Amino acid sequence: MGNINPLGHDIEYSFKYDPNYLFAIPRKTISKIPMYGLDIWNIYELSWLNNNGKPEIAIAKIEIPSNSLNIIESKSLKLYLNSFNNTNFENINEVKDILNKDISNAIQCPVFIKMITPENFHMLYIEKSSDVGLCIDDIEVKINIYKPSPELLELSNTSVDVVSETIISRMFRSRCPVTGQPDWASIKIKYKGIKIDHSSILKYIISYRDHLGFHENCIDKIFMDISYTCQPNYLSVYGNFTRRGGIDINPWRTSDRNEPPPLENCRTERQ
């Protein structure tokens, strides 16, 4: 099963541990500009059995470097995690070690995994967009382009001064490249440079509405298009995709290799 993409296929479910469910997909992004970051996966439906047969639960945060050789197809990860459900493990550390080994092997790159136990669930919080940036979704725009169109991006014609700002939109929609099903996300763009026209950013984000692309590739493209077209001195793009199958995926890209990653397991209002 590990050599077959489960998307679009009927797959036999197993509730006994089986690493062969994991299906890796080569990263296709080739960038001539500096681009760093992580793919942050939050796993909310992780469960296994202890040695007495009693179920245990946890939330797992998986950080995958954005320069890994492969990415993991999300349905295959869900099937893989389901295979833990009726499998006995000694303790949570064993589960963490197995997750780390299997996923690192699949993507051909070390990953970082944090396990959050039930007594710490209350420490997770929801980030309000109003606390971190300016939401541009109320801007009225006219658009009939629904494929990624970087030519929509424009610098502001009212200022030549360098600005620093964080812009947020919840209007992003793309489509799974295999099933065609919609993927929804909030996009956070943080930059320093000549001011970018906000209506042009909104139209550009909306232009992805019929685009077929994996989450990671979409955020890569947004980062590269803004970098090439607007040439900011600094840029960060963070995509917070809504949860599917108990998993949300959050690709984050930055031009600053020393920038610390986003706050731990912080969810947006839509997640």
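Predicted model: local features only at pLDDT ≥ 70, side-chain atom pairs only at ≥ 80, totals over all residues.
Residues are numbered from 1 along each chain as its sequence is written. Local features need pLDDT of at least 70, side-chain atom pairs count only at pLDDT 80 or more, and totals for chains, interfaces and linings use all residues, while side-chain values use heavy atoms, without hydrogens and water. Helices (H or I, at least four residues) and strands (E, at least two) are DSSP runs, numbered from the N terminus.

**Aromatic pairs**

The whole structure holds eight aromatic pairs. Rings of Phe, Tyr and Trp (its six-membered ring) pair if their centres lie within 6.5 Å; planes under 30 degrees apart count as stacked, over 60 as edge-to-face and the rest as tilted. Phenylalanine 172 takes part in a tilted pair with tyrosine 208, at 5.4 Å centre to centre and 40° between the planes. Phenylalanine 172 sits in strand 8 (residues 162–175), and tyrosine 208 in the loop between helix 4 (198–206) and helix 5. They are 36 residues apart. Both are buried (under 20% relative accessible area; exposed is over 50%, partly exposed in between; 1.4 Å probe, protein chains only).

Phenylalanine 172 also pairs with phenylalanine 241. Their centres are 5.8 Å apart and their planes at 85°, so this pair is edge-to-face. Phenylalanine 241 belongs to strand 10, so the pair ties together parts 69 residues apart in sequence. Phenylalanine 241 is buried, as is phenylalanine 172.

Elsewhere, ring pairs join Tyr17, Tyr80, Phe84 and Phe89 into a cluster.

**Charges over rings**

A charge sits over a ring if NZ of Lys or CZ of Arg is within 6 Å of the ring centre and within 35 degrees of the ring normal.

| Charge | Ring | Distance from ring centre |
|---|---|---|
| Arginine 173 | Tryptophan 184 | 5.8 Å |
| Arginine 243 | Tyrosine 44 | 3.7 Å |

**Helix 1 against helix 2**

Helix 1 (residues 74–82) packs with helix 2 at about 145°, with the axes 13 Å apart. Axes are lines fitted to C-alpha atoms over the stretch in contact, and angles run from 0 to 180 degrees between N-to-C directions. Contact (heavy atoms within 4.5 Å) involves Leu77, Tyr80 and Leu81 of helix 1. Helix 2 supplies Ile98, Leu99, Asp102 and Ile103.

**Positive phi**

Most residues other than glycine have a negative phi. Glutamine 108 has a positive phi of about 60°. Glutamine 108 lies between helix 2 (92–107) and strand 5 (112–116), in a loop. Its relative accessibility is 53%, so glutamine 108 counts as exposed. Glutamine 231 has a positive phi of about 50°. The loop between helix 5 (215–230) and strand 10 (234–241) holds glutamine 231. At 62% relative accessibility, glutamine 231 is exposed.
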